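Hi there,

Here is the structure I promised to pass on to you. Please open it next to this email, and I will go through what turned up.

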Amino acid sequence: MAHDWNALFTSLPSDELDKVALLRMIECTNGVIQHLFRDEAADALSVEETRIAMKFSMGCIKNMSIPLGDEMITFAPATADAIGLLRELYVSGVKNGNQAALAEFFVASEANLRAVGLERIEAAKRQIFYHIYELPPHTLDWGLDYIRGFVGASK
C-alpha cells in the first residue's frame with residue numbers, strides 16, 4: 001500500500017485539517033492514557049476514567065464524528081478515507097504485529113501530523129478542554145506532548 005502521504009494529507013482543505021487535529025488530539029491523548037494504565041504508572045487514571053476515555057475516543061474514530069459542545073463534527077469523504085487508511089495501518093501494525101505496516105503507519109502518521117500542524121493541534125486541545133469531558137483536562141497535555149515528540153516539535 002504505497003501512498004504519497006505528504007501529498008494525501010496536505011491536499012485536504014484547511015477546515016478538514018482542523019477536524020483532523022481534533023481527532024488526532026483525542027486519539028493520541030487516549031493512547032497515552034491506555035499506555036499509562038497498562039503500565040500501572042503512578043499517573044494512570046482510574047479504571048473507570050480509562051474506560052470512559054477509551055470508549056469516547058474509539059467512538060469518535062469508528063464513527064468518524066466528534067461531539068463538540070452543541071455541534072457534531074463530521075468529516076468529508078476524502079478526509080474519512082485518508083484517516084481510514086491511517087487506521088488500517090495502525091491496526092495491522094500495532095494490533096496485529098505487521099512490522100511493514102507499523103513502519104508505514106509511523107511515516108503516514110508523521111505526514112498527517114505535519115500537514116495538520118502544531119498550531120491546529122494546540123487549537124484543538126483548547127476546544128477539547130472546553131467541550132469534551134470524557135478526557136480529563138490534564139491528560140490533554142499528555143496527548144500534546146506525545147504529538148510534539150512524534151513530529152519533533154520543540155515547543
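**A buried serine and its surroundings**

At 1% relative accessibility, S57 counts as buried. Please keep in mind as you read that this is a predicted model. S57 is found in helix α3, and beyond the residues up to four places away in sequence it touches I26, E27 and N30.

From α2, the contact draws on L23, I26, E27, N30, I33, Q34 and F37. The α3 side is made by V47, T50, A53, M54, F56, S57, C60 and I61.

**The nonpolar core**

In soluble globular proteins, nonpolar side chains tend to be buried together. Here the largest nonpolar core has 46 residues. Those that touch the most other members are F9, L23, M25, I26, I66, I121 and I128. Two or more residues each are given to this core by α1, α2, α3, β1, α4 (77-95), α5 (99-116), α6 (118-131) and α7 (137-151). The largest share, ten residues, comes from α2.

M25, leaving aside its neighbours within four places in sequence, is in contact with I121, A124, K125, I128, L140, G143, L144 and I147. I121 lies in helix α6 and, at 1% relative accessibility, counts as buried. With residues up to four places away in sequence not counted, I121 touches A21, R24, M25, L113, V116, L144 and I147. For a sense of distance, I121 and G97 are 24 residues apart in sequence, while their C-alpha atoms are 29 Å apart in space.

Is N112 buried or exposed? At 0% relative accessibility, N112 counts as buried. Its contacts, not counting residues up to four places away in sequence, are F9, V20, R24, I83 and L86.

**Aromatic pairs**

How many aromatic pairs does the structure hold? There are four. The rings of W5 and F9 have centres 6.0 Å apart and planes at 15 degrees, so this pair is stacked. W5 and F9 are four residues apart in helix α1 (residues 5-10), and therefore about one helical turn separates them. Both of these residues are buried.

The rings of F129 and Y130 meet in another way: their centres are 5.0 Å apart and their planes are at 85 degrees, so the pair is edge-to-face. F129 counts as partly exposed, at 41% relative accessibility, and Y130 counts as exposed, at 54%. Elsewhere, ring pairs link Y90, F105 and F106 into a cluster.

**The hairpin**

β1 (65-68) and strand β2 (residues 71-74) pair in the antiparallel sense over four bridges. P67 stands opposite M72 in β2. The two strands form a hairpin with two residues between them, and G69 in the turn has a positive phi of about 65 degrees.

**Positive phi outside glycine**

E40 has a positive phi of about 55 degrees although it is not a glycine. E40 lies in the loop between α2 (14-38) and α3 (47-63), and at 71% relative accessibility it counts as exposed.

M64 is also not a glycine, and its phi is positive, near 50 degrees. M64 is found in the loop between α3 and β1. Which side of the burial cut-off does M64 fall on, buried or exposed? At 15% relative accessibility, M64 counts as buried, because buried means under 20%.

That is what I have for now. I hope you enjoy looking around, and do write back with any questions.

Best wishes

How values were computed:
Residues are numbered from 1 along each chain as its sequence is written. This is a predicted model: local features need pLDDT of at least 70, side-chain atom pairs count only at pLDDT 80 or more; totals for chains, interfaces and linings use all residues. Side-chain values use heavy atoms; hydrogens and water are left out. Buried means under 20% relative accessible area, exposed over 50%, partly exposed in between (1.4 Å probe, protein chains only). Two strands pair if DSSP finds at least two bridges between them. Rings of Phe, Tyr and Trp (its six-membered ring) pair if their centres lie within 6.5 Å; planes under 30 degrees apart count as stacked, over 60 as edge-to-face and the rest as tilted. A nonpolar core is a set of buried Ala, Val, Leu, Ile, Met, Phe, Trp, Tyr and Cys residues joined through side-chain atoms within 4.5 Å. Contact means heavy atoms within 4.5 Å.
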